[in-house]
Amino acid sequence: MTLPITLALGAVIGVFLGLLGGGGSILAVPALVYVLAVPVEQAIPMSLVVVAVASAVGALPKVRAGQVQWRLAGVFAAAGIPATFVGSSIGRHLPESVLLLGFAAVMVIAGIRMVMDNADTGTACTVGDSGINWRRCATRSIPVGLAVGVLTGLFGVGGGFLVVPALVLLLGVQMPIAIGTSLLIIVANSVAGSLAHASQSSIDWIITAAFVATAVAGSLIAGQVGTRLDTGRIQRWFAYLVFAVAAYVVVDIVFLR
């Protein structure tokens, strides 16, 4: 019975990934922990594998379309990759209840970002047609890269809900390029996070492979269908689902355990 449930969960999360981008993967850890009864220290690296593969698949068309700012991706990854090892090291010293409560807080932040999402573009680091002023934008991009890396290593999330707003609002990157660049950053951080957890946690590769297969399939199908749907409304309803799951996690930890 576990395998069919895994396939179904992977498909659902893949559909959200295809419709909404990297934020859809934030339900991977709660799904593994509460539906498949996977221990949280094992669910985190499994989630990172799912996030890495799904984001890599999503990034390919963006790369082919030239919708990637490679230098920005490099700056964020250079800051984020070492930070993922810091986050995973911190996580190993925290009890499961604290990790899950922290994850619930991250989910609330991600949900708020989804509800407040808008198409505004900042100009803090852009200088006309000459691109990005790296001297000014380094002080903005590096701290965000570090924060996303720590969250990735600590909670197994890709961090797209922080990277995309940072690229758009702080660095003045256009949304299509921000999404493509964010996916590459997520891939780099997730791979690093998986390696950071590899020596400490065993991964159930059968469940992980099934999860990845249906998540990628669901993502690709939803990505095609999503062009004809009101993704703004879907994103808001998904944010409400994220709030509900976060509330359940808090109630479970505080009152039911």
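1. A definition is needed at the outset: helices are DSSP runs of H or I with at least four residues, and strands are runs of E with at least two. The model is predicted. On this basis, residues 144–171 are 82% helix and 0% strand, and the end C-alpha atoms of that span lie 11 Å apart. Over residues 72–91, by comparison, the chain is 100% helix and 0% strand, with its end C-alpha atoms 28 Å apart.

2. As to overall architecture, the protein chain has 10 helices and zero strands. Of its 257 residues, 49% count as buried. Among contacts with a separation of 6 or more, 83% are between residues 24 or more positions apart. The chain exposes about 11600 Å², and carbon and sulfur atoms supply 68% of that area.

3. The largest nonpolar core has 46 residues, of which Ile26, Leu32 and Phe155 touch the most other members. At least two residues of this core come from each of α1 (2–20), α2 (28–35), α3 (40–64), α5 (96–116), α6 (134–155), α9 (205–225) and α10 (231–256). Another core, of 18 residues, lies apart from it and has Ala73, Phe76, Val163 and Leu183 among its members.

4. Which residues does Ile26 touch, not counting those up to four places away in sequence? They are Phe103, Val106, Met107, Ala110, Val157, Phe161, Phe238 and Val242.

5. Helix α7 (residues 160–170) is largely enclosed by the rest of the structure, because eight of its 11 residues are buried. The buried residues are Gly160, Phe161, Val163, Val164, Pro165, Ala166, Leu167 and Val168. Gly172 follows α7 and has a positive phi, near 75°.

6. The Thr181 side chain reaches the backbone nitrogen of Gln69 at 2.9 Å. Neighbours within four places in sequence aside, Thr181 is in contact with Gln67, Val68, Gln69, Leu72, Ala73 and Leu167.

7. The structure holds three aromatic pairs. In one of them, the ring centres of Tyr34 and Tyr248 are 5.3 Å apart and the planes are at 80°, so the pair is edge-to-face. This pair links distant parts of the chain, with Tyr34 in helix α2 and Tyr248 in helix α10, 214 residues apart. Tyr34 is partly exposed, with a relative accessible area of 25%, and Tyr248 is likewise partly exposed, at 47%.

8. Phe103 and Phe155 form another aromatic pair, also edge-to-face, at 6.2 Å centre to centre and 70° between the planes. Phe103 belongs to helix α5 and Phe155 to helix α6, so this pair too links distant parts of the chain, 52 residues apart. Are these two residues buried or exposed? Since buried means under 20% relative accessible area, Phe103 at 3% counts as buried, and so does Phe155 at 8%.

Conventions
Residues numbered from 1 in each chain as written. Heavy atoms only, no water. Polar contact = N/O pair within 3.5 Å; in protein donor to acceptor, adjacent residues only side chain to side chain. Contact = heavy atoms within 4.5 Å. Core = buried A, V, L, I, M, F, W, Y, C linked by side-chain atoms within 4.5 Å. Buried < 20%, exposed > 50% of the residue type's maximum accessible area, 1.4 Å probe, protein only. Areas by Shrake-Rupley, 256 points an atom, 1.4 Å probe, with all protein chains shown as cover. Phe/Tyr/Trp six-rings, centres within 6.5 Å; stacked < 30°, edge-to-face > 60°.
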